[in-house]
Every structure is written in structure tokens, then in C-alpha cells.
Amino acid sequence: MTKKSSGATTEDKKTNTKQDSTKTASDPKTAKKRVTHKKEKKDNKAEEAQKDAAQAEVSTEEKKGDKKKEETADAEAKAKEWQDKYMRLSAEFDNYRKRTLKEKTELIKSANEDLLVDILRVVDDFERGIATIDKSEDLKALKDGIHLIYNKFSDFLKQKGIKEIDAKEKEFDLDYHEAMTKIPAPDEELKGKVVDVIEKGYMLHDKVIRYAKVVVGE
């Protein structure tokens, strides 16, 4: 009798539990709570997912920022390297310019040294001729001496590339002649030509260094 009663009690408990579960499931408030709980759980998951995504984005931005910093540092290092190269090159060029300018200045100063030395020899001849004039009474010897000095000096000019412009009775040419005046041509053939030379012209190689001053016939 006692055992049977105990078994009945267990069955009653199970029955009561089922009834309580059925009551709970059929209770609107309880069901609403369950839905709210599920929604909150779902929202929490979504919020966590958003946080993870935000953290991942922040991490990506940080990586990009670090990479950009590295690129900036590399660019600055290269810029500094090029600046150093430019400064060294600029200093070398400045030294080269100063050295070249100094050499050019010295060259200009001494460029006519050989020419002046040769002219001094002609001056020596003139001085000897002047000394002879005071002592000599031979006029012919004096004339010969002057002609000798003149010829020597003319040869010296030719050796240096200086030559006289041939102007007498030549067609007037503005490239070589400078007309000082015009006169009636003494001959029909001399019209438009150089009748007389007031001052000789000279060329240094192919360049006119002094135009011939002439009288033109018309």
C-alpha cells in the first residue's frame, strides 16, 4: 500500500509540472518576456558584431596610418638625401665657377704679353734710330733706317694676322669702308669708287678692326 502511494505521488508531480509548463507557455506575459529576451540577446549579438567591426576598422586605419607614416619617413629621408646631394653639387659648381673666373681673369691680363714683348723690340729699334739722328749727318742712312723699322713693324703685324684693307680705286663697300666725304670723280671709271684714303683700315684675320676712312667719287 505504501509503495503504490509513493508512485502516485511521483506521477502527480510530473503531471503538475506539465500543467505548470502548459500554463507558462499559454501565459501571454511569459511569452512576451521570452520574445523580449530573445530580441535583447539578438541585439546584444548585433551590437557585439558592430563593436568587432568597428575595432577591425580602427585596426585597419591604424595599420594604414602606420604605413603612411613609414612612407612619409622614407620620402623625407630621400628628400634629405637629394638635398644633401644638391648642396654638395652646388658647392662644387660654385668653386668651379670661381676657379674658372680667376683663370679667365689671369688669362685676360696676360693674353697680350707675347704681343707686347714683340712690340717692345720695335720700340727698341725706334730708340736706336732716334739716337742715331742726333749723331748722324747722313740723311740717306736715316731714311733707310726709318724704312727698315717700318718694314719690320709691318711684317710683325702680318705675323699676328693683321692685314691692311685694300681700298684705293676699289668699289665703295660699307663692310670695309667709311665714307668721310664725296667729290666729283676725276674719271668716269671712278664714279662710286674710292678716290682717296684718309686713314687706312685693317683686319684681324677675317674681322674688320678698323674701317678705312675714304673719299668717294660721284
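Q: Where do Asp94 and Arg97 lie in this predicted model?
A: Both are in helix 2, three residues apart, which is about one turn of the helix.

Q: What makes Asp94 and Arg97 a salt bridge?
A: The rule asks for a side-chain nitrogen of Lys or Arg within 4 Å of a carboxyl oxygen of Asp or Glu. The closest N and O atoms of Asp94 and Arg97 are 2.9 Å apart, so the pair meets the rule. By this rule the count comes to 13 salt bridges.

Q: Why is Asp94 called partly exposed?
A: Partly exposed is the class between under 20% (buried) and over 50% (exposed). Asp94 has 25% relative accessibility, so Asp94 falls in that class. Arg97, at 41%, is partly exposed as well.

Q: Why is Asp125 called buried?
A: Its relative accessible area is 11%, and buried means under 20%. Asp125 is placed in helix 3 (residues 113-135). Leaving aside neighbours within four places in sequence, Asp125 is in contact with Ile149 and Lys152.

Q: Why is Asp166 called exposed?
A: The cut-off for exposed is over 50%, and Asp166 has a relative accessible area of 54%. The side chain of Asp166 meets that of Lys170 in a salt bridge (3.8 Å, N to O). Lys170, at 38%, is partly exposed.

Q: What makes Lys213 and Glu199 a salt bridge, and which parts does the pair tie together?
A: Their N to O distance is 3.8 Å, and the limit is within 4 Å. Lys213 lies in strand 6 (residues 212-217) and Glu199 in strand 3 (residues 194-199), so the pair ties together parts that are 14 residues apart in sequence.

Notes: Residues numbered from 1 in each chain as written. Predicted model: local features only at pLDDT ≥ 70, side-chain atom pairs only at ≥ 80, totals over all residues. Heavy atoms only, no water. Helix = DSSP H or I, 4+ residues; strand = E, 2+ residues; numbered from the N terminus. Buried < 20%, exposed > 50% of the residue type's maximum accessible area, 1.4 Å probe, protein only. Contact = heavy atoms within 4.5 Å.
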